[in-house]
Amino acid sequence: MMTTVLGYNIGPMLAQGVLGLINGAFYALLSLGLAVIFGLLNIINFAHGALYMIGAFVAWAFLNYLGIGYWPALVIVPILVGGFGMLLERVFISKLYKLDHLYGLLLTFGLALIFEGLVRNYYGSSGMPFAVPESLRGATRLGFMIMPTYRAWVVVASFVVCISTWLIIEKTPIGATLRAATENPAMVQAFGVNVPRLVTLTYGAGVALAAFAGVMAAPVYSVNPSMGSNVIIVVFAVVVIGGMGSILGSILTGFGLGLVEGFTKYLYPQGSGVVIFVLMVIVLLLRPSGLFGKAA
Amino acid sequence: MKISRRGLLGTAAAVSTLPMASARAQSKLPVFKIGVLNDQSGPYRDTGGVTSVICTQQAVDEFASQMKGYNVQVVAADHQNKPDLGASIARQWFDQDGVDMITDVPNSGVALAVSAVAKEKNKVHVNSGAASSDITGLQCSPNTVHWTYDTWMLAQSTGGATVKAGGDSWYFITADYAFGHKLESDTTALVKAAHGKVTGSSSYPFPGTTDFSSFLVQAQSSGAKVLGLANAGGDTINSIKQAKEFGLTMNIAALLMFITDVNALGLDVAGGLHLTESFYWDLNEGTRAFTNRVKAKTPDNWPNMAHAGCYAGSLHFMKAINHIGPVAAKASGRAIVDAMKALPTEDDCFGKGSVRADGRGMFKSYLFEVKKPSESKMKWDYYKIVQTTPPEQAWRPLNEGGCPFIKA
C-alpha cells in the first residue's frame, strides 16, 4: 500500500513535484533574464523566447558544422548570442528609450517573428535532434520515479546561475552601480560611469541568460524554431506574478510555478496550460505589483 | 527550401515575358485551379508545407500533355492551423479566384471546415494531410475525397499489430483537440475489441506543450504495457525523446508518425519503433521513380505519404475531368468527385486503388519498423516493411462510418 494524502498517492505526487521543479528551472532562467532587462532597462523584451531558441540552435549548429560539443557550447554560445544581443541593443533598441514601453515591446516582438521565420525557412519546423552529452547520460532510480541525470543537472545548474546573478546584482559594486544607473542615469553619468555602455552590457547579459537556457534545453526538447514562442508567454506570466523587474521574485516564482504546473498535470492535465494564467489573474487582482514587486 | 533572391527575380522576369505567345494561343481553354491549403509556417510545415505544393505541381506538369481541352494551375496558401482562416481562404478561392479543388489541408479541424465550404459551393476537396476518420464518416461530404490515411487505419495497423504482439493494456497521451480524441477513441475501440484494456489517458493542452515527462511518469505508474501516442508532429517527437530519457519500459505505439518526424528524431532514438504510412519512397519501382522526379525540388524534405497523396489525388482529379469533360466538370464539383469514385486509381505512389462511395481512398497500408542506425545506408533510408494490409482490410468498413448519404 502506498501512502496517500487527501486520497492521492504520495509517490506520483512527489514525482510530479520533481518534474515541476525541472520545468521551473527553465522558467526561472528565462524570467530572470527578462526581469534583469526590464528591471534595469525598462524594456519589455519580447525577443527573449526567440533568443532562447537561437541559443539552442547555435549549440546545434556548433555540434553539426564545427564539431564543438555541449560543454564548450554552454560557455561560448551565451557569449556569442549575448554579443548579438548587444548589437541589437545598439542598433535598434537604444533608439527607443525615450518612447513609451509599447514601442520596445512591438520592436522586440517583430524581431522575434523575424528570427523565428528565418530559422523555420532554412531548417524547417520539425526540429533537429541534439543528443544528451555523454557524461550526463543515464538515470537514477529514486523509488517513486526515474530521474534522468541530465534533468538533475538542469535544476542544479539553473539554480546556481540564478543565485549568482542575484548576488551580482544585489551584493556587488557592479550591481550597485547598475541599480543606481537605472534610478538616476544622469547622476551616475556625472560620477564618470559610461551609462549607455552599462545598459548595453546589461541587455547582453540578459540575452546571454536566455541563450544559456537555450543550450540547456537543446538536449531535452528538439531544437525547434517555435520552442521560444511556446514558452515566452508563460515566462511573461511568471515575471508578472513575481513582480515586474524583481530579480529574486522571478527566480522564486519560476520554480514555484513549475511546481504548481507539475501538480496540475497530475490532477487535471487539460488545465495545465491555463493554471499559470489563472494564478496571474488572481495575483493581479489582489497584488497588482506582483508577489515580490514594490508598489509603484 | 532554399530560394535565392536572384534566382527568384530571374524566374519571375522570365515567366512574365516568355509564355506570352503560348498563353494567347491557349487563352480560349478553360483553366482549372488546384489550391494547396496547408500549414506553411507552423508545426505541420514539414509534413505538408511547400513540399505538398511541389508534389501537386509535379502532378500537373506530368499530366499536361494528357489534358483534354483545358489547363490547370496550382495556387497555395497558409491556413496557420486556424479553422476559421482556412474556411475563409476556401470561400475566397471558390468565389473570387476560380479555384476548383482544394488539396492537402492537414489539421482535422481545418479539414472539416473546408470540406463544409466545398460542399456548399459544389467544388472539390481532396484531403491528404488530415487524419480524422470523421471526414468520410459522420461528417462525410459528396464533394470530398479523403486520400492518404485516417485515424481508423492508423489504429488498425499500428494498434492492431501492437495488440497482436501482446500489448493488451494501454495508456494514452492525447493532444486535446478533434484529431487526438478521434485517434484515441478509434484505437480504444480496437484494443477493447481484442479484450485488452485502457488503464488511463492524459489529454494535454494543444498547441504549446513541450514537456511530456509528467504524463510519461503517470503512464509508467499506471502499469500499462503500451504507451499510445495520440498526437502528431513535434509533440510526438518530444514524447518519444523524453520517454527514452525517463527510461520508460513500456512499448511505445506512435499512432501517427511521418518519415519527416523520424528524420527529426534521428534513428538512434526512433530505431525499432513501429508506425504506419500508406507511402514510402523506397517501397517499389513506382515510389522510387516518383521520388527521383521530385527530390531535387525538395532535397531537405523528401515526400511523406501526405505529400504523395497531394500528387496522386491531383492526378486522379485531372483524370476525372478528362472523363466527364471540362464543361461538365466546371459546372459541378460533385460530378468530378462522382467520376473520381467511378474511375479506378493508378499512380506511382499508391499503385492501383479506388475511391469508395463515402469518399475514402482505398489503398494498401504498410506497417513499418524504423531501422537502427547500423541498418540505414543513407539519409532517408529509414523503414523496413513489417506488414502490408490490403485495401479491403486497411480501412473502416463502409457501413460502420455513419456517413449519412451511405445507405447501410
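Me: In which sense do E12(B) and E13(B) pair, and over how many bridges?
Reply: E12(B) and strand E13 (residues 361-362) of chain B pair in the antiparallel sense over two bridges, where two strands count as paired if DSSP finds at least two bridges between them. Helices (H or I, at least four residues) and strands (E, at least two) are DSSP runs, numbered from the N terminus. This is a predicted model, in which local features need pLDDT of at least 70 and side-chain atom pairs count only at pLDDT 80 or more, while totals for chains, interfaces and linings use all residues. Residues are numbered from 1 along each chain as its sequence is written, and chains are lettered from A and ligands numbered from 1 in the order in which they are written.

Me: What does E11(B) pair with?
Reply: Strand E11 (residues 345-347) of chain B pairs with strand E12 (residues 351-355) of chain B, in the antiparallel sense over three bridges. Thr345(B) stands opposite Gly353(B) in E12(B), and a hairpin of three residues joins E11(B) to E12(B).

Me: Switching to the open sheet in chain B, what is the strand order?
Reply: The order of its five strands is E2-E1-E3-E4-E5 (chain B), with parallel pairing. Strand E2 (71-78) and strand E5 (144-146) of chain B are the edge strands, each pairing on one side only, and the twist averages 20° from one strand to the next.

Me: How many bridges link E4(B) and E5(B), and which helix lies across them?
Reply: Strand E4 (residues 124-127) of chain B and E5(B) pair over three bridges in the parallel sense, with Asn127(B) opposite His146(B) in E5(B). Helix H15 (residues 333-342) of chain B lies across strand E3 (99-104), E4 and E5 of chain B, at about 40° to E4(B); axes are lines fitted to C-alpha atoms, for helices over the stretch in contact, and angles run from 0 to 180 degrees between N-to-C directions. Two residues are in contact if their C-beta atoms, placed from the backbone, lie within 7 Å.

Me: Over in chain A, how do H1(A) and H8(A) run relative to each other?
Reply: The axes of helix H1 (residues 10-41) and helix H8 (residues 195-217) of chain A come within 9 Å and cross at roughly 170°. They are therefore roughly antiparallel (angles under 35 degrees count as roughly parallel, over 145 as roughly antiparallel, 65 to 115 as roughly perpendicular and the rest as oblique).

Me: What kinds of residues make that contact?
Reply: The residues of the contact of H1(A) with H8(A) divide into 17 nonpolar, three polar and no charged. Ala, Val, Leu, Ile, Met, Phe, Trp, Tyr, Cys and Pro count as nonpolar, Asp, Glu, Lys and Arg as charged, and the others, Gly among them, as polar. Among the H1(A) residues are Phe26(A) and Leu30(A), and the H8(A) side includes Tyr203(A) and Phe212(A).

Me: And where chain B touches chain A, which element gives the most?
Reply: The contact takes 36 residues from chain B and 30 residues from chain A, and on the chain B side H8(B) gives the most, with six residues. That side divides into 10 nonpolar, 17 polar and nine charged residues.

Me: What ipTM does the predictor give?
Reply: The complex has an ipTM of 0.78 and a pTM of 0.81.
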